[in-house]
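Okay, everyone, thanks for coming. Let me put the structure up, and then I'll walk you through a few helix contacts and charge pairs.

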Amino acid sequence: MPIDTQQLIDEAEKLGQLVSQHPAIARYKQAQQAMAEDADAKRMLADFDRQIETLGRQEQSGLAVTDAQRMQLEGLQTRIVSNPRIKALNAAQVEFVELLRRIT
């Protein structure tokens, strides 16, 4: 018996409800909330984005990135990856994406 579009939509909605109850989703939401409350982590990520953008514009203008700029960016990157809330969010994102990949 052929399945119509509405049946597919109904089943997808049921699957979505099941997925939303998975522990990986709760961990991801908790990690997002913790990041939202961590001003230092948000500041570091914003600084990193700004520096990447600045260096990209600089390179497009034909100017080389200096060793000092590279070291500053690397230092910020090291601080970012060692932040416990950023680590937790990254781990939760990996788990979340893996769950979605397996479902798909």
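Let's start with Asp38: with a relative accessible area of 13%, Asp38 is buried, where buried means under 20% relative accessible area, exposed means over 50% and partly exposed is in between, using a 1.4 Å probe and protein chains only. Before I go on, the housekeeping: this is a predicted model, so local features need pLDDT of at least 70 and side-chain atom pairs count only at pLDDT 80 or more, while totals for chains, interfaces and linings use all residues. Residues are numbered from 1 along each chain as its sequence is written, and side-chain values use heavy atoms, with hydrogens and water left out.

Back to Asp38, then. You'll find Asp38 in the loop between H2 and H3; helices here are DSSP runs of H or I with at least four residues, strands are runs of E with at least two, and the numbering goes from the N terminus. What does Asp38 touch, not counting residues up to four places away in sequence? Asn83 and Arg85, with contact meaning heavy atoms within 4.5 Å.

With Arg85, the Asp38 side chain makes a salt bridge, 3.9 Å from N to O. The definition I'm using is a side-chain nitrogen of Lys or Arg within 4 Å of a carboxyl oxygen of Asp or Glu. Asp38 is in the loop between H2 and H3 and Arg85 is in helix H5, so the pair ties together parts 47 residues apart in sequence. Arg85 itself has 35% relative accessibility, so it counts as partly exposed.

Now for the helices around that. H2 is residues 23-36 and H5 is residues 84-103, and they pack at an angle of about 150 degrees with their axes 8 Å apart. The axes are lines fitted to C-alpha atoms, for helices over the stretch in contact, and the angles run from 0 to 180 degrees between N-to-C directions. H2 and H5 are therefore roughly antiparallel to each other; that label is for angles over 145 degrees, with under 35 roughly parallel, 65 to 115 roughly perpendicular and the rest oblique. Among the residues that meet here are Tyr28, Ala31 and Met35 in H2, and Leu89, Ala92 and Phe96 in H5. By class, that contact has 12 nonpolar, two polar and three charged residues. For those classes, Ala, Val, Leu, Ile, Met, Phe, Trp, Tyr, Cys and Pro are nonpolar, Asp, Glu, Lys and Arg are charged, and the others, Gly among them, are polar.

Glu95 is in H5 and Arg27 in H2, 68 residues apart. Glu95 is partly exposed at 30% relative accessibility, and Arg27 is partly exposed at 37%.

On to the other pair. H3, residues 39-60, and H4, residues 67-82, pack at about 155 degrees with axes 10 Å apart, so H3 and H4 are roughly antiparallel too. Their contact has eight nonpolar, five polar and three charged residues.

Shared partners join Asp40, Arg43, Asp47 and Arg50 into one salt-bridge network. And how many salt bridges turn up in a search of the whole structure? Nine.
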